[in-house]
Amino acid sequence: MRPSNCQYCGSTKFFQESATVFRCEDCFDRVTLSQPIDTFETVSSKQKLPVSLPNKHQLQKIFWIFVFFSVSFSSFFTVIGNLTKDQVSTTIEELEPNAQMTEFEPAIEILNFGFVPDVIGNIYYIGKFKNIDERALDFTKIEISLVDNEQNVIGSYFGYAESNAMSSGDVSYFNVLMENPPSYHSYTVKFTAMERTYSIPESNFVITGLKLKKSDHGYSLVGKMINDNAKIMNYTKVDCILLNKAGEIIDINYYYLTDENFEPFSSKDIQVDFSVTKVIPKSFECIGNGTPKIDQ
């Protein structure tokens with residue numbers, strides 16, 4: 001089972017990050033499935049499909065069709081290939097030197113984190129961090145390495161910030177799934193990101209009336225989200241975390257609004273479901289984000 005389309009941008013292109021987590025190739029949003037992807041359907045070598053061979057007249061027809069299309073497509077792709085080559089070279093010459101994005105290690109402040117096990121032996125490294133770098137960030141990646149007593153790396157895992165774009169001073173959550181990790185002595189955490197060279201539109205939301213309820217599969221956080229912007233917002237999302245009595249993060253999830261257009265100063269019902277933690281939550285936090293609709 002794979003995601004059918006991205007809730008954020010509508011794309012159907014995904015790459016698999018882990019057994020249950022996929023990433024959209026276009027907007028980098030995370031999609032989590034309830035069932036792990038660990039098997040693939042294959043056709044048995046013993047299964048034979050019926051084969052129907054073409055007769056003499058069919059073979060002659062296929063031959064001349066092949067010759068015709070070979071000549072036609074050869075000329076077609078020669079013209080298109082030349083045009084594409086000229087266009088690409090022109091585009092490269094017009095690019096600004098700083099427009100080529102390179103990965104770097106930004107200045108990050110980890111505000112909170114927790115290791116959350118599930119019932120099948122996985123561990124989630126969930127955290128909250130602040131961008132204290134002077135640069136805006138795109139696609140912040142979090143890598144965690146497990147080491148043994150002799151400081152040998154025995155496991156490496158990664159995940160991404162819930163907010164794809166972060167200005168200096170912005171706060172976001174992150175979630176790194178460690179599938180069946182080995183016993184370890186210590187760990188290291190590394191943050192990398194791309195520098196965003198264009199402005200990040202402001203988005204202001206008010207999340208109110210939140211109530212935590214026990215559900216059949218864990219807990220649900222229900223409430224309302226208000227668009228406190230003067231513009232219509234698209235791709236509106238709310239990220240939430242649960243905390244225990246000690247203030248440690250014990251679970252994380254998100255919710256997308258079902259309506260594409262979130263009208264200015266209007267409100268929508270939200271429900272964020274949590275299913276990993278088995279600890280009774282004491283409090284919670286949420287962050288809302290979205291993108292202003294284009295051409296308004």
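Select Glu 285 first: at 27% relative accessibility it counts as partly exposed (buried means under 20% relative accessible area, exposed over 50%, partly exposed in between, with a 1.4 Å probe and protein chains only). This is a predicted model, in which local features need pLDDT of at least 70, side-chain atom pairs count only at pLDDT 80 or more, and totals for chains, interfaces and linings use all residues. Residues are numbered from 1 along each chain as its sequence is written, and side-chain values use heavy atoms, with hydrogens and water left out.

The side chains of Lys 128 and Glu 285 meet in a salt bridge at 2.9 Å, N to O (a side-chain nitrogen of Lys or Arg within 4 Å of a carboxyl oxygen of Asp or Glu). Lys 128 lies in strand S6 and Glu 285 in strand S17, so the pair ties together parts that are 157 residues apart in sequence (strands are DSSP runs of E, at least two residues, numbered from the N terminus). Lys 128, at 18% relative accessibility, counts as buried.

Now show the sheet that holds S17. Three strands form an open, antiparallel sheet in the order S15-S14-S17 (two strands pair if DSSP finds at least two bridges between them). Its edge strands, S15 (249-256) and S17 (283-292), each pair on one side only. Between S14 (residues 233-243) and S17 there are nine bridges; select Leu 242 to find its bridge partner in S17, Phe 284.

Move to Lys 268 and Asp 259. Their salt bridge has its closest N and O atoms 2.6 Å apart. Lys 268 is partly exposed, with a relative accessible area of 24%, and Asp 259 is also partly exposed, at 39%. Elsewhere, salt bridges that share partners join Glu 162, Lys 237 and Asp 239 into one network. Within that group, select Lys 237 and Asp 239: the closest N and O atoms are 3.3 Å apart, and both residues are buried. The structure holds eight salt bridges.

Then go to Asp 133, in the loop between strand S6 (123-131) and strand S7 (137-147). Asp 133 counts as buried, at 7% relative accessibility. Its side chain reaches the backbone nitrogen of Ala 107 at 3.0 Å.

Finish on Phe 113, in strand S5 (residues 108-117). Phe 113 is partly exposed, with a relative accessible area of 36%.

Conventions
Helix = DSSP H or I, 4+ residues; strand = E, 2+ residues; numbered from the N terminus. Polar contact = N/O pair within 3.5 Å; in protein donor to acceptor, adjacent residues only side chain to side chain.
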